[in-house]
Amino acid sequence: MQAFGRTPLTNISPKKTWEGAIAGLGGCIFTTVLLSKVLCWPRSLLSAVGFGFLIFIGSLFGDLVESVIKRDAGVKDSGSLIPGHGGILDRVDSYLFTGALAYSFVKTLRLFGV
């Protein structure tokens, strides 16, 4: 019996659920707000929440893009270097877009003096 994660997010990646995505979003926002308090950047709560949301979107998008690539190639895993983990690409797929989005966010905040 499964108590959490029953609603599929997309058929691209059948094990991804809406419940997991919402938990991931909450975790990203919680982490960025906590780090903003510890590191004093970004200074505003709204910016920290926005940064967490952006990190979540970038990581989810990267993971789904990698799933599309694997489905298109007709493979289950992107490699065999790390057995049982789906390959190196499965370990770093969420970082593919997140870095560029985070960089753009930081540059935009600096542009406005935040």
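Student: What share of the contacts in the protein between residues at least 6 apart in sequence joins residues at least 24 apart?

Tutor: The share is 48%, where a contact means heavy atoms within 4.5 Å. The model is predicted, so local features need pLDDT of at least 70 and side-chain atom pairs count only at pLDDT 80 or more, while totals for chains, interfaces and linings use all residues. Residues are numbered from 1 along each chain as its sequence is written, and side-chain values use heavy atoms, with hydrogens and water left out.

Student: How many helices and strands does the protein have, and in what order do the elements run?

Tutor: There are four helices and zero strands, running α-α-α-α from the N terminus on. Helices are DSSP runs of H or I with at least four residues, strands are runs of E with at least two, and both are numbered from the N terminus. The C-alpha trace spans about 45 × 30 × 20 Å along its principal axes.

Student: What makes a residue count as buried, and what percentage of the protein does so?

Tutor: Buried means under 20% relative accessible area, exposed means over 50%, and partly exposed lies in between, with a 1.4 Å probe and protein chains only. Of the 114 residues, 30% count as buried.

Student: Which residues form the largest nonpolar core, and why is it called a core?

Tutor: A nonpolar core is a set of buried Ala, Val, Leu, Ile, Met, Phe, Trp, Tyr and Cys residues joined through side-chain atoms within 4.5 Å. The largest such set has 11 residues, namely Leu9, Ala21, Cys28, Phe51, Ile55, Phe56, Leu60, Leu64, Ala102, Phe105 and Leu109. Two or more residues come from each of α1 (18-39), α2 (45-73) and α4 (95-111); α2 gives the most, with five residues. In soluble globular proteins, nonpolar side chains tend to be buried together.

Student: How do you know that Asp63 and Lys16 form a salt bridge?

Tutor: A salt bridge requires a side-chain nitrogen of Lys or Arg within 4 Å of a carboxyl oxygen of Asp or Glu. The N to O distance between Lys16 and Asp63 is 2.6 Å, therefore the pair qualifies. The two residues are 47 residues apart and link distant parts of the chain, with Asp63 in helix α2 and Lys16 in the segment before α1.

Student: Why is Asp63 called buried, whereas Lys16 is called partly exposed?

Tutor: Asp63 has a relative accessible area of 14%, so it falls in the buried class. Lys16 has 22%, and therefore counts as partly exposed.

Student: How many salt bridges does the rule give, and what makes Lys70 and Asp90 one of them?

Tutor: The count comes to two salt bridges. In the pair of Lys70 and Asp90, the closest N and O atoms are 3.1 Å apart. This pair also links distant parts of the chain, with Lys70 in helix α2 and Asp90 in helix α3 (residues 88-92), 20 residues apart. Both Lys70 and Asp90 are buried.

Student: Why is Leu101 called partly exposed, and which residues does it touch?

Tutor: Leu101 lies in helix α4. Its relative accessible area is 29%, so it is partly exposed. Not counting residues up to four places away in sequence, Leu101 touches Leu54 and Gly58. Leu101 and Gly58 are 43 residues apart in sequence, and their C-alpha atoms are 6.8 Å apart in space.

Student: Is Ser36 buried or exposed, and how do you know?

Tutor: Ser36, found in helix α1, has 6% relative accessibility and therefore counts as buried. Ser36 touches Trp41, Pro42 and Ala48, not counting residues up to four places away in sequence.

Student: What kind of peptide bond joins Trp41 and Pro42?

Tutor: The bond is cis, with omega about -10 degrees. Pro42 is placed in the loop between α1 and α2.

Student: What is the phi of Cys40, and why is Cys40 called exposed?

Tutor: Phi of Cys40 is near 60 degrees, a positive value in a residue other than glycine. Cys40 is in the loop between α1 and α2, and its relative accessible area is 54%, so it is exposed.

Student: Why is Lys37 called exposed?

Tutor: Lys37, in helix α1, has 55% relative accessibility and therefore counts as exposed.
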